[in-house]
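Here are my notes on this model, as numbered points. Please read them with the structure open.

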Amino acid sequence: THSQKELRLTFKKRMFCGPKLVPDHQIEFDLVLHQALDEIRNDRYPLMQDEAPFLAALRAQVETGPFDPAIPPATQYSGIIEKYLPKHLRQAISLDDIVAHHQKVSGLQKQECNARLMKFITSWPLYGTTVFEVLQSYTTALPKNLWLGINEEGIHILRRRTKEPLISYNYRTIVNYSPSLRNLMIVTESLTRGTKFVFNTSQASQIAHLIKDYTQVIIARKQAASQQAAVASPAATPSGRVPPSAPAPTRQAVAVPRTASTSRMAMPAPDKQPPPEAWRSHEEAADPTE
């Protein structure tokens, strides 16, 4: 095509499961860092106006080196601002604030800057959440423009560009979700008396698949934990019975000399053992939800 629009290809980690730790492996670290930077630039991470100069200064230190007072700030930072900040912040931040932060980090190496930036990004409690821009007009209790966040813990409804969710639901409380071409309906707590949300979005199918995949991960984890617990704890046996794996107790015969009054000593009969079918291992079915 003759379009001058820049195309970007970003490899992304689709699901974040387990503790949200900064990766130790350099390749994984670089991947999640650039994924986070892409989310920030495309306005799917809640970067506040007072945080933007710090981010810009760290990226400037990595890409252009220490602060150079001989270069005008507009020249030094225009490319960084365009490359890493969302559109609504590019004209809102002060170049003097970027300069102040850049001077503070001028002695840092590239890896130290990246580590500080990653620490800042992961400090958001919902880090790892996939954020979708949605609209809703179903209820007046919520704003029309929203973020719908999906992560391992559940779904989160937020005002756009804010860090604290208005409301969150874990997967155990979601009783139904139904995507269509332009809408996504989610019902929580009860099909008849629960809360229903209808979101307008062209990404309804992606959201539904992500909810399904996280739910399956939780179910698999629950089942694995149940199986491990069953292996670690031996099955209880009925009182007074010996499990099949244990050897049956034996009684040794004692020679008794014959006497005039007793011609034969009756030997005690061995204990009768219950059939092996008397003990069966029972595994409690795992709860399919958390």
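1. Disulfides: a search of the whole structure finds zero. The term means a pair of cysteine sulfur atoms within 2.5 Å. Cys17 is partly exposed, at 35% relative accessible area. Cys113 is buried, at 1%. Buried means under 20% relative accessible area, exposed over 50%, and partly exposed in between (1.4 Å probe, protein chains only).

2. Basis: this is a predicted model, where local features need pLDDT of at least 70 and side-chain atom pairs count only at pLDDT 80 or more, while totals for chains, interfaces and linings use all residues. Residues are numbered from 1 along each chain as its sequence is written, and side-chain values use heavy atoms, with hydrogens and water left out.

3. Arg90: where does Arg90 sit? Arg90 is in helix H4 (residues 87–90). Helices (H or I, at least four residues) and strands (E, at least two) are DSSP runs, numbered from the N terminus. Arg90 is buried, with a relative accessible area of 13%. Its side chain reaches the backbone oxygen of Leu85 at 2.8 Å. Leaving aside residues up to four places away in sequence, Arg90 touches Arg41, Ile81, Glu82 and Leu85. Contact means heavy atoms within 4.5 Å.

4. Aromatic pairs: the structure holds six. Rings of Phe, Tyr and Trp (its six-membered ring) pair if their centres lie within 6.5 Å; planes under 30 degrees apart count as stacked, over 60 as edge-to-face and the rest as tilted. Tyr45 and Trp124 have ring centres 5.3 Å apart and planes at 75°, so this pair is edge-to-face. Tyr45 lies in the loop between helix H1 (26–41) and helix H2 (52–64), and Trp124 in the loop between helix H6 (110–122) and strand S1 (130–135), so the pair ties together parts 79 residues apart in sequence. Both Tyr45 and Trp124 are buried.

5. Phe197 and Phe199: their ring centres are 6.0 Å apart and their planes at 5°, so the pair is stacked. Phe197 is buried, and so is Phe199. Tyr169, Phe197 and Phe199 form one aromatic cluster.

6. Helix packing: H2 and helix H3 (residues 73–84) pack at an angle of about 115°, with axes 10 Å apart. Axes are lines fitted to C-alpha atoms, for helices over the stretch in contact, and angles run from 0 to 180 degrees between N-to-C directions. H2 supplies Leu55, Ala56, Arg59, Ala60 and Glu63 to the contact. H3 supplies Tyr77, Ile80, Lys83 and Tyr84.

Definitions and conventions:
Polar contact = N/O pair within 3.5 Å; in protein donor to acceptor, adjacent residues only side chain to side chain.
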